[in-house]
Amino acid sequence: MSLKERVANILKNDLLEITESKGDVCVEISRQTLVNALKRLKEEGGFDFLSDLLGIDNSDLYAKPKKKKKKTEDGTEQEQEEKGPPPPRFEVVYLLLSLSTNERLQVRVRVPEDDLELPSVTSLWRSANWPERETFDMFGIRFNGHPNMRRLLMWDEFQDYPLRKDYPLEGKGEERHLNYNIA
Amino acid sequence: MADWQIELIKVVFIWAWALIIAVVMTWVERRASAMMQDRLGPNRAGPFGLLQPLADGIKLFTKEDIIPERARKILFVLGPPLFALPAFSAYAVIPFGDKIVIGGKEIILQVSDVNIGFLFILALSAIAVYGLVIGGWASNSKYSILGGLRATAQLISYEVPMGLALLTIVLLDGTFSLREIVLQQQGTFLGFLPNWGFFKQPLGFIIFLVAAYAEANRVPFDLPECESELVTGYHTEYGSMRLGLYLFGEYVNLVTLSAITVCLFFGGWSLPYVDMSKFLGPVSYGIASFFVFFFKQAFFLFLFVWVRWTVPRFRYDQLMGLGWKALIPLGLVNLFITALLVQLTT
Amino acid sequence: MAKEIETVCITTGPTEVGDYVTLNIGPIHPAMHGTLRVITKTDGETIISAKPEIGYLHRGVEKLGENLTYSQFLPITDRLNYCSAICNNVAYEMAVEKLLGIEVPPKAQLIRMIMMELARIADHEVCVGILGVDLGALTPFFYLIIQREEIYEIFEWHHGARLTNSMGAIGGVEADLPDRFHEKWPRMRDSIRKANDDTDKLLTHNRIWMDRTVGVNAFCGDDALNWGFTGPMLRACGVKRDLRKNEPYLLYDKVDFDIPAGKHGDVFDRYMVRMLEMEQSVKIIDQAYAMYKELPEDAPLMKKVPKILRPPAGQIYHAIESPNGELGFFIRSDGSDKPYRIKIRPPCYMVYQAFDDLVKGEMISDLIACLSSLNVIAGELDR
């Protein structure tokens with residue numbers, strides 16, 4: 001049984017989409033069933049190791065086809081397929097690994113911009129602790145049930161979410177207004 | 001020359017001599033450690049980098065003297081001299097040679113032959129603890145206070161085994177005077193060994209040596225400083241020559257401790273099997289005894305360096321465990337056996 | 001056994017009641033490697049809690065990646081784990097090659113392997129040396145660092161840089177092994193082994209060293225996996241997992257080597273695993289070099305790739321075994337010349353987040369020993 005079939009068997013109805021690129025299988029699930037599905041993947045599918053989890057801001061991806069059509073022909077075909085209302089802006093990708101079979105699986109969840117919340121998976125893997133904090137730090141996605149949902153890399157007073165596509169590369173000069181309080 | 005003049009010359013001489021050894025010691029430490037570590041060490045200032053300690057001294061003296069704002073100023077200033085001075089003072093009772101005859105006058109090569117020289121040294125090393133604790137406390141820094149506390153506990157704990165080890169020597173020789181002890185170590189023991197404390201008290205020597213390393217705050221017992229944990233412990237906040245005094249006091253401590261080791265366990269200025277006074281003139285005998293003492297001392301100074309660059313550092317609880325659970329019981333047992341033997345044989 | 005030691009450590013530690021001193025260690029502290037900061041609560045010398053604060057070296061590498069082309073990002077990867085920059089370079093190159101779907105010529109693969117194993121030796125030498133320095137043994141550090149300099153010399157001959165290597169390119173490596181490598185390697189292999197032997201003699205069976213490391217922050221394998229440990233840290237806990245064996249890349253499946261593993265996951269096991277891994281790396285280089293010798297001299301070094309890379313849309317994750325553990329690059333491409341999203345999975349990030357669990361109930365000295373044995377590199381941690 002291939003990896004795709006096995007994962008489809010485990011996830012059953014929770015599976016929204018399954019894609020493969022260069023041998024990396026990626027499944028999409030909805031965030032309502034996230035913890036449950038990951039738990040089944042961990043216990044039944046043997047994906048017992050969480051390598052990492054990361055957030056992605058898709059806003060540029062949806063904005064691109066308009067610009068692209070004028071310039072080049074590259075990639076326009078795929079992007080034209082996506083029509084209708086744009087899908088949720090953010091997504092979070094969980095990189096799972098099976099220690100027994102050495103297979104890797106990507107699980108992605110879409111998060112709409114107006115409701116930036118996800119259930120935390122720290123109860124399944126403690127390794128999700130800092131990556132979830134970092135995702136909050138960089139994208140503003142809150143993880144419910146996380147023991148310590150604070151900023152990780154940026155300082156606590158920082159307002160923006162730097163890895164969002166609308167945040168400028170050179171920053172907004174926040175470091176110049178740092179309040180040096182020596183307590 | 002009047003007696004007081006001779007005394008004055010002796011005081012100045014021994015003070016300068018201890019100072020010179022300590023200064024050269026900083027150079028030896030660096031060059032020797034460099035040799036052990038496939039490096040060159042300081043070799044730019046003067047021949048073989050011998051002027052490096054001088055350059056360091058100039059640097060330390062000309063640096064800005066900073067006292068932290070919230071430090072306790074009087075204590076902060078008091079700390080370094082309180083640490084360095086006892087180390088110097090202890091040298092006063094150490095016999096650094098036998099005697100020399102100059103101008104028909106017999107001069108004993110010792111600043112003063114105190115009949116309780118032993119207790120004097122122990123008392124001074126107890127005072128030196130205050131320098132560390134006061135320095136650590138006055139700096140108003142957490143690392144310093146931790147260093148200071150470690151220093152207190154460590155020095156006080158290791159004074160006990162050190163005292164126990166020294167007591168065995170006192171029992172054997174029946175005197176507290178260092179000069180007397182050295183004189184009693186001439187001749188042979190069991191017919192073929194030199195009559196040294198080392199052969200009569202091997203266990204006592206080991207206990208004493210370990211305790212001496214702990215007293216000197218050297219690796220593997222350099223916990224009060226402990227650069228990788230407490231930044232530099234009690235002298236984290238110190239700079240310029242105040243820091244210099246702490247560092248320098250440490251080296252003077254080494255000089256004193258190695259001199260004590262030689263006096264108590266290695267026959268002081270005497271050579272084994274050979275009585276130098278029989279075939280040397282009165283002047284040359286004095287000089288020879290001085291150098292014999294110095295070379296023995298130099299060996300122990302080098303041992304300090306050798307050990308420092310070979311072994312890692314203890315953890316605090318292990319250090320305390322070694323002191324209280326190993327050295328003190330061993331010292332007590334050793335003392336008991338010695339007392340029994342002394343009682344039986346006399 | 002590992003579990004036993006761990007529970008002992010925790011039960012002997014006091015509970016969280018009472019007045020404690022908050023001791024701030026870092027970001028400027030002689031034992032902190034780079035700009036790490038740990039806020040500890042201590043009861044005397046015993047640690048009640050240790051909370052790492054990170055981000056002092058955060059340079060927004062992932063954001064930079066989104067704004068640079070695929071080739072331009074390569075020098076940035078040097079600045080992740082600067083002790084073994086080559087491993088980062090190769091990991092990134094291989095991730096992009098996977099995205100492009102190209103296979104690198106065998107000669108380039110072998111050169112990459114040789115260079116990566118040299119980098120692994122250099123990284124482990126620094127880690128073991130610094131561990132010694134932090135525990136008060138300064139001398140082994142010099143024995144090891146001299147060997148690292150020799151390795152850097154080879155790097156310099158090959159691609160011109162010592163620390164921030166930027167080795168190779170997407171599609172292969174630019175240069176063949178330098179001529180001087182052929183005469184240098186046999187000599188260097190012996191000197192590396194000798195330096196390791198000297199270190200071994202000075203430390204491994206030293207009573208003080210054993211007192212300081214055996215049983216200190218012992219960690220059991222299950223916990224380690226749950227925390228996401230990889231690399232030497234995981235192997236020290238007794239889990240034999242090495243991506244070079246489990247998910248072979250390059251030509252690692254053609255060479256013969258062992259995975260050294262510990263038992264208790266304490267500082268001593270981590271130290272031993274690293275020491276033994278250096279030995280295995282020397283073995284791998286020997287075999288890779290023999291395979292390299294069999295190839296014709298004019299074998300290609302580079303796969304032909306376009307000047308401007310435009311990988312097809314898709315997202316991939318590729319991980320290699322860096323000296324610290326699993327170093328992964330997640331890249332999403334939208335078909336343009338810049339990656340849409342790059343995520344780096346630094347190995348020490350996962351290890352460092354368990355720091356509180358590792359050192360709780362132990363002493364300040366053990367915290368320093370633990371930190372050194374984790375080999376946390378700030379550049380990789382904060383990105």
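Two of them count as paired if DSSP finds at least two bridges between them. And the model on the screen is a predicted one.

Strands 4 and 5 of chain A form it, with six residues between the strands. In this hairpin A:Asn102 takes a positive phi, near 60 degrees. Strand 4 covers residues 90-97, and its eight bridges to strand 5 run in the antiparallel sense.

Strand 5 of chain A has another partner. Strand 2, residues 24-29, runs parallel to strand 5 and is joined to it by five bridges. There, A:Val25 stands opposite A:Leu105.

Is strand 5 of chain A largely enclosed or open? Of its eight residues, 104-111, seven are buried, so the rest of the structure largely encloses this strand. Buried here means under 20% relative accessible area.

Now chain C. Three strands make an open sheet there, in the order 4-5-6, with antiparallel pairing. Its edges are strand 4, at 314-322, and strand 6, at 339-345, each of which pairs on one side only. On average, neighbouring strands of this sheet are turned by 15 degrees against each other, direction ignored.

Within the sheet, nine bridges hold the antiparallel pairing of strand 4 with strand 5, residues 325-333 of chain C. Here two glutamates face each other: C:Glu321 is opposite C:Glu326, which belongs to strand 5.

Note on methods: Residues numbered from 1 in each chain as written. Chains lettered and ligands numbered in written order. Predicted model: local features only at pLDDT ≥ 70, side-chain atom pairs only at ≥ 80, totals over all residues. Heavy atoms only, no water. Helix = DSSP H or I, 4+ residues; strand = E, 2+ residues; numbered from the N terminus. Axes fitted to C-alpha atoms, helices over the stretch in contact; angles between N-to-C directions. Buried < 20%, exposed > 50% of the residue type's maximum accessible area, 1.4 Å probe, protein only.
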